[in-house]
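Let's take a friendly tour of the aromatic rings in this structure.

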Amino acid sequence: MQVYTDYPLDTLNTFGMKVKAAFFSELRDAKECEQLAQLAPQYAPILVLGGGSNMLFLNNPKRWVIKNEIKGISLLEETDEYVQLRVSGGEVWHEFVLYCIDNGYCGLENLSLIPGTVGAAPIQNIGAYGVEVKRHITKVHFWHLEHQRFESLDNKDCNFGYRDSVFKHDLKGKVIITAVDWRLSKHAQLDVSYGNIKDELQRMGISRPGIKDVSDAVIAIRTAKLPNPAEIGNAGSFFKNPVVEHSVYQKIKAVYPDAPGYAVDENSTKLPAAWLIEQSGLKGYQQGAVGVHHRQALVLVNLGGATGEDIYQLSEHVINTVKEKFGISLEREVQMVG
Ligand code: EPU
């Protein structure tokens, strides 16, 4: 395994931050994990990088950045009803989704075009348009950096929650996800309940959609609303949608009768942070080289040449403004590094 020094990460983080890693290596095969243990005393601490699509570098990481480039998809089991696939952590997420669509494996079509890698998907239990990966993951395989051995966790032990899992808590920074196992149906069980998808399919003139149609609809919605990181640096939703007690939502509704909210259980409601930010007057707001995206207020953008600190300061401003207006504290979804 080659170790580079002062390695530029500009193209390896979707915010496009011009930072350099003290040390950098690519992991191309799970077997190379064993070498990490030997080299670690010289270069640690380690920071594992997938697609760099959910990270904000606040400065040059004084770490050994390991880019997960482990590739490969294998079929573990196939019946008339479903398939079980093992997918390596370095596979690009959207390419895996397209592979499933081409082969008629159903379940991930609503998650089309999400940036990042397969190995990063379980960490924050990626989700979109009513589906989260926890619905289809059976097992997560990883190299445990402290135990220095390969381990795995079944779905039920991953503690999946909304944009959350054990990999953001007890196992944070301690593992390299080498592969994820999936169980996908061979019969389309489409979930088009999320309003936008229904509308988009109608616009496309499709009344009996297949998985490819749903994927195309999701791609159209995302392309129209979310900035392409290849053009404008961003990391998708910067904040989580807050979950509040019903009474808090009712108070907001009394002032804004159209305020959107989605019941989570009998006590709580999830509010779209984008709506709160927009109502706070910040949609399209710019502060030097950074801004709140003009079409999706949940996305903070690097307008060119911004530093991680610039984005962080803007996120503070958004949190403080929303807190002042609604009394609700937004939580960052993106991971700060530095
Ligand atoms: N809205 C506004 N202003 C905006 C944008 C949205 O008021 O600028 C309101 C609208 O009322 C809309 C509601 O917010 O009905 C929800 O908007 P949207 O469907 O765009 O979804 P979101 O809640 O803003 C979440 C995820 C996205 C995911 C979409 C679709 C989080 C933090 N974000 O956004 O995930 O694509 O739902 O399922 O849960 C990501 O995590 O990076 C991401 C993009």
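Rings of Phe, Tyr and Trp (its six-membered ring) pair when their centres lie within 6.5 Å; planes under 30 degrees apart are called stacked, those over 60 edge-to-face, and the rest tilted. By this rule, there are 17 aromatic pairs. One of them joins Tyr-7 and Phe-24, which are stacked, with 3.9 Å centre to centre and 5° between the planes. This pair links distant parts of the chain: Tyr-7 sits in strand 1 (residues 4-8) and Phe-24 in strand 2 (residues 20-27), 17 residues apart. Helices (H or I, at least four residues) and strands (E, at least two) are DSSP runs numbered from the N terminus.

Phe-24 is buried at 1% relative accessible area, while Tyr-7 is partly exposed at 24%. Here buried means under 20% relative accessible area, exposed over 50%, and partly exposed in between (1.4 Å probe, protein chains only).

Next, Phe-96 and Trp-182 form a tilted pair, 5.5 Å centre to centre with 50° between the planes. Phe-96 belongs to helix 2 (residues 93-103) and Trp-182 to strand 12 (residues 175-185), 86 residues apart. Both Phe-96 and Trp-182 are buried.

Charges also sit over rings, meaning that NZ of Lys or CZ of Arg is within 6 Å of the ring centre and within 35 degrees of the ring normal.

| Charge | Ring | Distance to ring centre |
|---|---|---|
| Arg-183 | Tyr-82 | 3.6 Å |
| Lys-270 | Tyr-162 | 3.5 Å |

A note on the basis: this is a predicted model, where local features need pLDDT of at least 70 and side-chain atom pairs count only at pLDDT 80 or more, while totals for chains, interfaces and linings use all residues. Residues are numbered from 1 along each chain as its sequence is written, and side-chain values use heavy atoms, leaving out hydrogens and water.
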